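Hi,

Here is the structure I promised to pass on. Have a look at it first, and my notes follow below.

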4 protein chains.
Amino acid sequence: MQNPDKKIPVGILGATGSVGQKFIELLQDHPWFTVTALAASERSAGKLYKHAVNWFQQAPLPPRIANMMVSACVPALPCRIVFSGLDAAVAGPIEEAFAEAGYVVISNAKNHRMAETVPLLIPEVNPDHLDLVRKQHYKGMIVTNPNCSTTGLVMALKPLHDRFGIEKVFVVTHQALSGAGYPGVSSLDIIDNMIPYIGGEEEKMQIEPLKLLGTLEEGGKVDFANIAISAQCNRVAVTNGHMESVSLKFRSTVKKEAVVQAWRDFTAQPQELELPFAPNPPLYYFDDPRYPQPRLHRDLGKGMAVSLGRLRDCSILDVKFTVLSHNTIRGAAGGAILNAELLVKKGYHEEQ
Amino acid sequence: MQNPDKKIPVGILGATGSVGQKFIELLQDHPWFTVTALAASERSAGKLYKHAVNWFQQAPLPPRIANMMVSACVPALPCRIVFSGLDAAVAGPIEEAFAEAGYVVISNAKNHRMAETVPLLIPEVNPDHLDLVRKQHYKGMIVTNPNCSTTGLVMALKPLHDRFGIEKVFVVTHQALSGAGYPGVSSLDIIDNMIPYIGGEEEKMQIEPLKLLGTLEEGGKVDFANIAISAQCNRVAVTNGHMESVSLKFRSTVKKEAVVQAWRDFTAQPQELELPFAPNPPLYYFDDPRYPQPRLHRDLGKGMAVSLGRLRDCSILDVKFTVLSHNTIRGAAGGAILNAELLVKKGYHEEQ
Amino acid sequence: MQNPDKKIPVGILGATGSVGQKFIELLQDHPWFTVTALAASERSAGKLYKHAVNWFQQAPLPPRIANMMVSACVPALPCRIVFSGLDAAVAGPIEEAFAEAGYVVISNAKNHRMAETVPLLIPEVNPDHLDLVRKQHYKGMIVTNPNCSTTGLVMALKPLHDRFGIEKVFVVTHQALSGAGYPGVSSLDIIDNMIPYIGGEEEKMQIEPLKLLGTLEEGGKVDFANIAISAQCNRVAVTNGHMESVSLKFRSTVKKEAVVQAWRDFTAQPQELELPFAPNPPLYYFDDPRYPQPRLHRDLGKGMAVSLGRLRDCSILDVKFTVLSHNTIRGAAGGAILNAELLVKKGYHEEQ
Amino acid sequence: MQNPDKKIPVGILGATGSVGQKFIELLQDHPWFTVTALAASERSAGKLYKHAVNWFQQAPLPPRIANMMVSACVPALPCRIVFSGLDAAVAGPIEEAFAEAGYVVISNAKNHRMAETVPLLIPEVNPDHLDLVRKQHYKGMIVTNPNCSTTGLVMALKPLHDRFGIEKVFVVTHQALSGAGYPGVSSLDIIDNMIPYIGGEEEKMQIEPLKLLGTLEEGGKVDFANIAISAQCNRVAVTNGHMESVSLKFRSTVKKEAVVQAWRDFTAQPQELELPFAPNPPLYYFDDPRYPQPRLHRDLGKGMAVSLGRLRDCSILDVKFTVLSHNTIRGAAGGAILNAELLVKKGYHEEQ
């Protein structure tokens, strides 16, 4: 940061929704960014934020934010960078309008993730993909983070894919309730129960990792990773923290010790650049077979670290293990903020 | 039943434990059996059952049972058939002593399951294996039922293995708390949480199905099925009902419609013989992608039916689906009672 | 029942809602009634029930009902008796229109409960109040049952008020989620949490018992009971079964043994008349201080019995105790059905 | 603090238990205290702490602590101040032995709470009672904190009793699972359930507040407050945070606004002395009728603040409201640490 005294103004699109609220909560006291604009649907525009929102975060609503006026989601906000927590039903054209108008759109929505020139970004995994924005035709740019259940998985796969090559991945998820937004899942559907279905989730988990682990070619195109992924997604009675039971096949013979070592050695650009939201270490591996567990470990690295455990042989593929990550922090708003930090650190926001 | 007017007296070994209690609850009003003996540890022997037990079943303790005296677990009980809900730590020698003394031991313990001449039995799956008891050197006999997480899986596999042949099975479980007994899992370990580990469970799930789906050869030996199974076992905040996310590879090309048809067509000896505990149908397949769910469907067929849903293509193996079965009924006490019913219906209890 | 061979046709108003579904589930196999009409909002009218409803009861949707056509909520249904599970927002005028047109309306809605000539009825408590319908100006009639949290309390109070007179009642509830309907309470609001507020509930609990325990005077007016009630209502993470912590002051000196005796002796008209939904006994008192508990005891008497426990001295009033009743059975649809049974048994449906 | 550079060494009695672990977690990075001794039962003595403990706190076990040797609970520890998280079954004589030997014993156990010369202390409520230690015959001293369910209640009552005088208090609790220790409550007893009984709890809640709100007389004796308290204690499916539904009668006429004002104005010695564990403000009052809630508000003031809401008229006493406090922080280990801070700040530990 050239000028640490002066924070960068940022806006929140979809500020009253559950992801928007999380952006506000996490950006509170951010060393680089300060929220100067809140935008939401027409219904909320023109109201004070405190009157427009049904705030349900654990941290109290910051008073400065509470008394800000909510704007409509049109590209006339007093900031260059906007975080989009918009619902997928409306995110597409709104985010494009902002990008057209010159805004840097850091989006958590799924709409543009698979677009050819839009980086689908996890800073520890594919920081170079950020360069894709130079291929975008917008005056501004759009950068996206993956689906919440994809993020933890890919963080676990990254060091293994780099060292050993991965051929096949089986993953069965046990996903937290906050992933469905608010009010989301009815209590009557989940107390003493679980749901073996999350609409659209398996499709996302089977394709997004291939782009994330893909190679940015000379011509500015991502060559998708050649990995077969099969996902089964379930909802369980946990508030936050997606657990995943993973099994995978390498492209070569790999010892279990080498797998654990690869995880423990793992560090990446966000850690080297000391980005504010970068967890250090990014991965925790537990020797205790009972770990990781959502309530105990989801908050490691302020919710940005990914936890691993139970590495053992698989009688069909090579190894199996458990991975946990916080779905609304690392898997959504926190991941997007880390994306913005990388982008700012590298100066992309001052281009174009 | 030669004489339907006169019920067969049966005893319960480990009568104060959680499986023992479930035996008592389920045998209440059984058309063939009447509980005439309760045996437990030295600590309980000599007390009235109501003073020895911490009864925690939903149904109230039957008054007749409440006032029965608890015996020690020695083979001097006034009955020919005993149901064993003994803990694995003590079941081995006690069950053998009863079998030596001429008792028919219907056991839910794991100790003798894999012994060469002991039937590991699910009446819908391998009723012919019951004949293994003729190879036993006991004056009586021992018959076992599989682990609670094995039962649902194998019920789902059976019609498919018969019609199409199965080569590989991936299974990730979401298991209920009652599987850990009482008090079992601490509430502090499971509220807003899950546990990715159940000691010894994966090993059982990987071997037991091979014996169950194996072939009883002429010489009286079970030729294990040639299937590769990989299991990952997790505990979730559900009281009863094990859910399992399964993926499998057939030995030939199979259409999804044929899989569903095989399940819907499935019926077996217990249904044909109209055994009292036989669910009819034994399998339910749901078209609604949100189903099955533990709280909604675990009690189908009085807890003896197995529920299936979400059949779809697997991008690594062939198909994937969800299976649910009630772990303390079909997967434990109820399964053992069905075993006893088959044995009695076929007259084995009058042999030797 | 004059003619037990021929069941009485009944209709359900609000048939697709959560109370409507419960009516259908509970009336399945009713010995006197058969559902011949389903009515719901304009949106559902004209559809087959199975296409109009999001059925979420534990029991599967009965096939005969599934294929019935849904009617609009206008008084042209092929039956004399209708059960109303309508939402309070619309119940008022619709129920009146049916009553005007000659229907016997058995309502679970709050709209007419406190109307002077409408019986607020619990058959064990104030069966004589049914006579109020003769004061109604309708061609038909309206009969109501109380709020779900009122019912259990008043069932506990009735035998004590009759024997000893009650002066003051303190009650703090721990209410189940199903009381809020479906989807009702968000899972994110109740996992590892509770909510100290249920809108409008305390007001209902403080007034309804006074009418229920009131005296029907010669002139056909209910003289409300003179009891001071203070209620505090909370929502907890339980699917079904309202628990209440009660403290009360008698009008005279009463021994604890006499209180328990009054509960254990209690029986009333529904039991004497052997109404199909009448639990027998209506009240259970547990000596075990850990009881009653929702999951263990809510289904006693098929969900129609009320459970009591922990009677002890109160250092401010006289005694305190715990009461439990099933909120969607005894406290809603089941209670309404018992009301209809009493009404039919006494021949009111053939009057006017 | 005379010498802020040099931390005061402290020991933990019962260091492997659940309260002992919480002491270790909370004292990590304490500005005044450093843990230099861990004592536990004979079974643990002589082992490294990491081998003796089943650590189940959310924060990881601090490495320095992990490698400390566990001592027996005999008064030969290298520190003057010891925190006792001992079980009540053994705490009595051990704590006395330490006090006899000159140690300052800061106890969370119930054993000595009601002893005449032992301060039962909440620094915001009765800091002057600390002086009772001068009446103790020990070379050292014993100071205690109240039961976890008492603490939140008395924090709420204190400013009201001071301003208006309280005559009667009704309280019904909804208590968290961690209050029962670990493993404590079985998951099978609490999922989709609650328990209307906590052994011994109501008795403690009815007497402890009277000592806490009592007056220390000239002669060094506490004159108990003259308040009638009636408590009903329940366990609910919440991990941390005791909720209480309270109703109370003042000794004079009081407006609701004055009650809220008294809470909002409240501040006390710990806040004035800026003790490290003193929450500021000590009390939060919420206007939103849905608040406070355990998961949202238990961690306010790092778990040391008490939350209040829903003040309204009571139709039997004067007002009713809801109170919440964190049972293992404010109600146990954190409360004890605040006691130690007050004692040290006032120099009592250097006396005798």
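A:F83 is buried, with a relative accessible area of 0% (buried means under 20% relative accessible area, exposed over 50%, partly exposed in between, with a 1.4 Å probe and protein chains only). The rings of A:F83 and A:F33 are edge-to-face, because their centres are 6.0 Å apart and their planes at 70°. For the terms: rings of Phe, Tyr and Trp (its six-membered ring) pair if their centres lie within 6.5 Å, and planes under 30 degrees apart count as stacked, over 60 as edge-to-face and the rest as tilted. A:F33 lies in strand β2 (residues 33-40) of chain A and A:F83 in strand β4 of chain A, so this pair ties together parts that are 50 residues apart in sequence. Helices (H or I, at least four residues) and strands (E, at least two) are DSSP runs, numbered from the N terminus.

A quick word on the source: this is a predicted model, where local features need pLDDT of at least 70, side-chain atom pairs count only at pLDDT 80 or more, and totals for chains, interfaces and linings use all residues. Residues are numbered from 1 along each chain as its sequence is written, chains are lettered from A and ligands numbered from 1 in the order in which they are written, and side-chain values use heavy atoms, leaving out hydrogens and water.

A:F23, A:W32, A:F33 and A:F83 make up one aromatic cluster. A:F23 is buried too, at a relative accessible area of 0%.

Over in chain D, D:T328 sits in the loop between β14 (319-325) and α10 (329-345). D:T328 is buried, with a relative accessible area of 15%.

Cheers
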